[in-house]
Amino acid sequence: FSEDFLNLNRRIIIHSGITEVKWLKGMCSVTSLSLPNTLKKIGARAFEGYSELSTITIPGNVIEIDPTAFIPNESGSKLKEILVENDNECFKSINGILYDSEEKTLMCCPSGYNDEVNIPNTVEDIRAYAFFYCTNLKSVIIPESVTKVGTSASTSRHRHFRI
């Protein structure tokens, strides 16, 4: 294959009009992803195994994100930040970590995140799979406000959770 062909296949553009993204299997070499403003739902395992993607930006119209949307494969991923467009009324990003817009639910820490996570005192719920395969975290500080931690919120490899 030519280098142009390989580079073309490392970038995905999902065109306007698409309202839901489901599992896009076999895209592990993708480094760039463009999501349309028409997108409303990111489904189960939508970006599973996208091991080379370092950043993803959630468009303003997205109202639903499945807890398993960003689960990496067992080899992990380079996803270091999940950003959210400013006009999104349902979600927000703080330091590259995905929260609901009211900062009551920590939705997802990207598996390639490699810093300390200091969860805001407003968070009450850590969603299922929120820290799945986040093996490079320096520490996670969980405030007393957290009353619910979802199924498989972390892996057995975590050694750095503090309350």
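An open sheet of five strands runs in the order 8-9-10-12-14, with mixed pairing; two strands pair if DSSP finds at least two bridges between them. Its edge strands, strand 8 and strand 14, each pair on one side only. The model is predicted: local features need pLDDT of at least 70, side-chain atom pairs count only at pLDDT 80 or more, and totals for chains, interfaces and linings use all residues. Residues are numbered from 1 along each chain as its sequence is written, and side-chain values use heavy atoms, with hydrogens and water left out.

**Overall composition**

- The protein has one helix and 15 strands; helices (H or I, at least four residues) and strands (E, at least two) are DSSP runs, numbered from the N terminus.
- Of the 163 residues in the protein, 44% are buried; buried means under 20% relative accessible area, exposed means over 50%, and partly exposed lies in between (1.4 Å probe, protein chains only).
- The protein exposes about 9000 Å², of which carbon and sulfur atoms supply 46%; accessible areas come from the Shrake-Rupley method with a 1.4 Å probe, and for residues only the protein chains shown count as cover.
- Among contacts between residues at least 6 apart in sequence, 35% join residues at least 24 apart, where contact means heavy atoms within 4.5 Å.

- Strand 8 and strand 9 run antiparallel and are joined by four bridges.
- Lys-92 stands opposite Tyr-99, a residue of strand 9.
- Lys-92 also forms a salt bridge with Glu-103, at 2.7 Å from N to O; a salt bridge is a side-chain nitrogen of Lys or Arg within 4 Å of a carboxyl oxygen of Asp or Glu.
- Lys-92 lies in strand 8 (residues 91-94) and Glu-103 in the loop between strand 9 (97-100) and strand 10 (105-108), so the pair ties together parts that are eleven residues apart in sequence.
- Glu-103 counts as buried because its relative accessibility is 19%, whereas Lys-92, with a relative accessible area of 29%, is partly exposed.

- Lys-41 forms another salt bridge with Glu-20, in which the closest N and O atoms are 3.7 Å apart.
- That pair links distant parts of the chain, with Lys-41 in strand 4 (residues 41-42) and Glu-20 in strand 2 (residues 20-21), 21 residues apart.
- Lys-41 is partly exposed at 28% relative accessibility, as are Glu-20 at 32% and Glu-64 at 41%.
- A search of the whole structure finds four salt bridges.

- Strand 5 (residues 55-58) and strand 7 run parallel and are joined by four bridges.
- Ile-56 stands opposite Ile-82 in strand 7.
- Strand 7 (residues 81-84) has Ile-82 and Val-84 on its covered face, and Glu-81 and Leu-83 on its uncovered face.
- The largest nonpolar core has 25 residues, and those with the most contacts inside it are Ile-42, Phe-47, Ile-56, Ile-65, Phe-70 and Leu-98; a nonpolar core is a set of buried Ala, Val, Leu, Ile, Met, Phe, Trp, Tyr and Cys residues joined through side-chain atoms within 4.5 Å.
- Strand 5, strand 7 and strand 10 are the elements that give two or more residues to this core.
- Another core, of 17 residues, lies apart from it and includes Ala-130, Phe-131, Val-140 and Ile-142.

**An exposed loop residue**

- Glu-144 is located in the loop between strand 13 (139-141) and strand 14 (148-149).
- Glu-144 counts as exposed because its relative accessible area is 79%.
- The C-alpha atoms of Glu-144 and Glu-124 are separated by 8.5 Å, and the two residues are 20 residues apart along the chain.
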